[in-house]
Amino acid sequence: MGDHKGLKQVRTVVIDCFNNVHPIYNIKKLMIKRELSKNPALKNEDWSRFLPQFKNKNVKNQAKPIQKKEKTYDPLPPAQTPRKIDLELESGEYHLKQEENKKKGKKRSRDQTEQGST
């Protein structure tokens, strides 16, 4: 910091920080200016060609937060969905399938006995 000029530089860095500019950009400029001031040939020339020109990146496509629908609070859990067997019992298919399976089983046992006897 040091003298009045250093305080001015610090103030610009801090104000730029408040304006959402990272301090490294200003620090780089200050370092380059210090090196240029040491060189007697460039002391009285325009330094703008040596200083970095940082471009503002305008981020337009920011992800918008997804709004969730508010659900009404229900202290009870949702009703259970019926199992496959329950649906078959209601429609009567379960008993028909059992009868078919018994017939198939009897037919298989007959086939096996016939093959074993031949």
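Two residues are in contact when their heavy atoms lie within 4.5 Å. Keep that in mind for the views below, which come from a predicted model.

**View 1. E88 and the residues it touches.** Start with E88, which sits in helix α3, a stretch covering residues 84–91. Leaving out residues up to four places away in sequence, E88 touches E93, Y94 and K97. With a relative accessible area of 11%, E88 is buried, because buried means under 20%.

**View 2. A positive patch on the surface.** Here you can pick out K102, K106, K107 and R110, which together make up a positive surface patch. R110 belongs to helix α4, running over residues 93–117. Is R110 buried or exposed? Its relative accessibility is 52%, so R110 counts as exposed, the cut-off being over 50%.

**View 3. A nonpolar patch on the surface.** This one is built from V21, I24, Y25, I27, M31 and F54. Taken together, these residues have about 500 Å² of accessible area. Look for V21, one of the patch members: V21 has 31% relative accessibility, so it counts as partly exposed.

**View 4. T12 and R49.** T12 is part of helix α1, which spans residues 4–18. How far apart are the C-alpha atoms of T12 and R49? They are separated by 21 Å, and the two residues are 37 residues apart along the chain.

How values were computed. Residues numbered from 1 in each chain as written. Predicted model: local features only at pLDDT ≥ 70, side-chain atom pairs only at ≥ 80, totals over all residues. Heavy atoms only, no water. Patch = residues over 30% accessible without salt bridge, like charges linked within 9 Å, V, L, I, M, F, W, Y side chains within 5 Å. Areas by Shrake-Rupley, 256 points an atom, 1.4 Å probe, with all protein chains shown as cover. Salt bridge = Lys/Arg side-chain N within 4 Å of Asp/Glu carboxyl O. Lys, Arg positive; Asp, Glu negative; His and termini not counted. Charge placed at Lys NZ, Arg CZ, Asp CG, Glu CD. Helix = DSSP H or I, 4+ residues; strand = E, 2+ residues; numbered from the N terminus. Buried < 20%, exposed > 50% of the residue type's maximum accessible area, 1.4 Å probe, protein only.
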